[in-house]
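Please read these notes with the model open beside you.

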Amino acid sequence: MSAPVYAHEAPTAAERVKDALAVAFVALLLGIPMIGLTTVDQGGSLVVATRWSWLAAFAAACFVGRLVLRFSLDTLTRRRTARQRAAGAKTVKIAGASRLVSTIGWVAVAFSLLLPIVFSDNRYVVDTATTVLIYVMLGWGLNVVVGLAGLLDLGHVAFYAVGAYAYALLSTQFGWGFWTALPVAALISAAFGVVLGWPSLRLRGDYLAIVTLGFGEIIRVVLNNWTSLSGGPNGVTSIPRPTFFGLAFKPPGDTPTFAGFFGLDFSPGHRIVFLYYVILVLCLLTNVFVTRLRKLPVGRAWEAVREDEIACKALGMNVTNVKLSAFVLGAMLGGVAGVFFAARQGFISPESFTFNESAIILAIVVLGGMGSQLGVVLASLVLVLLPELGRDFAEYRMLLFGTAMILIMIWRPGGILSKREPTLRHVKDGGRA
Amino acid sequence: MMLQMSGVHAHYGHIHALQGVDVSVQVGEVVTLIGANGAGKSTLLMSLFGQPRASAGRIIFDGEDITRLQTHDISRRGISLVPEGRRIFPRMTVMENLQMGAVLADPANLHVDLKRMFALFPILEERCEQRAGTLSGGEQQMLAIARALMSRPKLLLLDEPSLGLAPLYIKKIFQTIRELNRDHGMTILLIEQNAHHALRAAHRGYVLQHGQIILSGTGKELLASPEVRAAYLEGGHGAAGK
Ligand SMILES: Nc1ncnc2c1ncn2[C@@H]1O[C@H](COP(=O)(O)OP(=O)(O)O)[C@@H](O)[C@H]1O
Ligand SMILES: [Mg+2]
């Protein structure tokens with residue numbers, strides 16, 4: 001049985017090494033897709049090359065850095081608590097930190113609403129922001145599974161693919177519109193989640209990682225080979241874009257168009273801005289939905305199960321169902337992101353849904369702080385923007401990226417925002433806020 | 001009869017941890033089970049929940065055979081456990097821990113029950129927004145007890161609630177156990193190494209050794225019995241009980 005956790009005890013040397021080893025291990029995992037593997041141009045075609053020595057150096061740097069930082073931090077904290085104790089401070093208040101997080105959250109929402117207006121003449125910025133939001137959506141979906149429920153899902157990209165192909169096929173084969181296909185495709189992804197989660201979640205924790213990893217690969221193999229359904233490696237083309245209440249974003253023609261209806265001059269930028277707002281709305285809805293759920297017993301049970309499964313069972317929770325609900329919700333949100341991705345690109349192929357993609361989404365959740373909604377946004381920004389920024393000075397790109405990763409891993413191995421926000425407040429007269 | 005375990009065996013792989021135990025608890029009783037480290041006390045409690053599942057024997061709770069039920073279904077019948085080592089959710093706040101204890105209860109009762117818990121343990125109200133992992137050991141134990149009570153159980157199981165606590169908290173915990181039983185009619189099965197305190201708080205007691213019940217009787221009888229005195233009170237683990 002596990003020992004109780006005492007927050008204020010100083011760690012032993014063995015614990016410090018263990019902590020640094022854990023950090024190095026996570027760094028190793030995260031580093032595989034981003035540092036260990038790289039694509040090089042070889043006679044016009046891209047091939048994957050490995051850089052294991054870089055990866056080893058990366059992990060070693062994280063190990064040493066963490067050890068040093070943790071030691072100095074602990075020394076500082078110990079001095080500070082000793083001072084506070086002497087001064088008679090008793091309770092640790094978290095209210096201040098949570099107000100800051102919610103302020104940052106609102107500023108971020110306001111900023112993202114205004115972004116296309118501020119950058120109205122810069123399509124590249126709006127387009128990149130759309131990419132960031134797709135990863136935010138994927139990250140929030142996986143965050144429920146990994147960050148909140150503590151289940152290791154290594155194949156989240158599979159549900160992304162299911163959503164994307166579901167929309168692609170529903171629209172090109174059956175003529176469904178974006179808005180009707182969206183909920184159906186989300187349900188199809190959720191159904192895949194049930195089929196996968198139902199058997200594997202009854203088994204011990206680590207099986208889910210293997211099953212999801214396998215599923216991610218199987219989906220890709222199936223999509224590559226079931227040519228009659230999926231078009232094989234060529235993928236699905238001419239996927240219809242979402243419309244604005246039936247108004248298409250096209251040059252003036254026979255059908256009513258957005259520009260024509262509002263008496264504007266046609267501009268391809270309209271569609272880019274519209275797509276941006278579509279994913280923004282989907283993200284905001286997701287955030288409200290997940291945040292609400294976390295306040296209900298079912299949502300809080302996800303975190304409880306992650307913390308102590310046996311205690312949960314003894315409290316009468318059906319642990320399998322709790323995990324399944326988190327897993328299926330994650331699958332569904334992954335599907336929604338997939339639908340949007342297909343509609344935005346207009347073209348999808350199995351190449352968009354590789355293990356690399358799963359690893360990046362996982363990195364977003366881990367770097368974001370396992371469970372923090374805002375952390376996922378920050379991590380998505382970092383992981384999407386860093387490579388973009390680095391593009392201008394390609395030689396230093398790896399260096400930039402690696403340094404940023406090392407700093408994050410050492411400074412915040414629990415993620416950028418590892419402080420969990422309480423979701424239930426107590427008002428002294430017994431009411432609830 | 002609230003609980004009746006008859007001839008219960010339990011195994012961990014090839015370790016035969018429970019070797020045919022008979023334990024019963026009447027409605028309104030405090031029953032204690034004492035024994036040295038590794039005697040199988042925790043195993044006995046957990047086997048009530050099917051973790052591990054009894055490999056032989058029968059467990060009847062409130063007139064129903066629960067031997068083969070799923071763990072979560074067993075707690076739904078009205079058994080609540082305060083596990084060894086407390087097992088509170090350290091990253092969640094005190095309030096959230098309490099809410100998790102009430103997942104089975106009617107949500108309409110949440111406020112009333114919270115008030116009852118805060119009356120029982122005023123310190124929890126003071127700490128309600130604090131992360132449970134930052135509480136002291138004694139406070140964590142109170143939280144674990146309060147969390148278990150939030151589901152309004154018929155039978156409360158406590159696994160070594162005094163383990164590792166300062167004397168002041170030990171006193172408070174045993175006081176609470178008496179109070180729960182006397183004022184609220186709670187039926188309690190209490191596991192302890194602290195034989196002195198436990199036997200004084202209990203109506204009846206059992207002594208467990210190597211997975212077998214070797215003695216049973218009223219709390220007074222066991223306190224006076226030479227075997228118990230020799231093994232658990234004088235120089236034994238219970239000696240800390242003063
Ligand atoms: N999870 C487990 N796996 C294997 N053996 C266990 C496990 N838990 C307990 N045991 C063994 O079962 C016996 C009884 O343990 P336990 O019930 O925890 O004793 P107590 O609570 O009286 O200290 C011990 O020999 C212990 O080593
Ligand atoms: Mg024990």
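1. Basis. This is a predicted model, in which local features need pLDDT of at least 70, side-chain atom pairs count only at pLDDT 80 or more, and totals for chains, interfaces and linings use all residues. Residues are numbered from 1 along each chain as its sequence is written, chains are lettered from A and ligands numbered from 1 in the order in which they are written, and side-chain values use heavy atoms, with hydrogens and water left out.

2. Metal site. The magnesium ion (ligand 2) has B:Ser42 (OG) and B:Glu84 (OE) as its protein donors, at 2.0 to 2.5 Å. Donors are N, O and S atoms within 2.8 Å of the metal (3.2 Å for Na, K and Ca); water is not among the atoms, so sites may look incomplete. B:Ser42 belongs to helix H1 (residues 41-48) of chain B, and B:Glu84 to the loop between strand S6 (79-82) and helix H3 (94-101) of chain B, so the pair ties together parts that are 42 residues apart in sequence. Helices (H or I, at least four residues) and strands (E, at least two) are DSSP runs, numbered from the N terminus.

3. Shell of ligand 1. Residues around ligand 1 include B:Tyr12, B:Ile15, B:Lys41 and B:Thr43; a residue is near a molecule or strand if one of its heavy atoms lies within 4 Å of it. H1(B) gives the largest share of this shell, three residues. By class, the shell has five nonpolar, five polar and one charged residues. Here Ala, Val, Leu, Ile, Met, Phe, Trp, Tyr, Cys and Pro count as nonpolar, Asp, Glu, Lys and Arg as charged, and the others, Gly among them, as polar.

4. Contacts of ligand 1. An N or O atom in the side chain of B:Ser42 lies 2.7 Å from an oxygen atom of ligand 1. For B:Gly38, a backbone N or O atom is 2.7 Å from an oxygen atom of ligand 1. On its own, ligand 1 has 560 Å² of accessible area, of which the protein covers 61% (Shrake-Rupley method, 1.4 Å probe).

5. Sheet in chain B. Four strands form an open sheet in the order S2-S1-S4-S5 (chain B), with antiparallel pairing; two strands pair if DSSP finds at least two bridges between them. S2 and S5 of chain B are at the edges, each with a single partner strand, so one side of each is left without a neighbour in the sheet. Strand S1 (residues 3-12) of chain B is joined to S2(B) by eight bridges, and to strand S4 (residues 56-61) of chain B by five. B:Leu3 stands opposite B:Val25 in S2(B) and opposite B:Phe61 in S4(B). B:Phe61 in turn has B:Glu64 as its bridge partner in S5(B).

6. Hairpins. S1(B) and S2(B) form a hairpin with two residues between them, and B:Gly13 in the turn has a positive phi of about 55 degrees. S4(B) and S5(B) also form a hairpin with two residues between them; in that turn B:Asp62 has a positive phi of about 55 degrees.

7. Loop residue in chain A. A:Asp308 sits in the loop between helix H11 (297-307) and helix H12 (309-314) of chain A. A:Asp308 counts as buried because its relative accessibility is 7%. Its side chain reaches the backbone nitrogen of A:Ile310 at 3.3 Å and that of A:Ala311 at 3.1 Å.

Note on methods:
Polar contact = N/O pair within 3.5 Å; in protein donor to acceptor, adjacent residues only side chain to side chain. Buried < 20%, exposed > 50% of the residue type's maximum accessible area, 1.4 Å probe, protein only.
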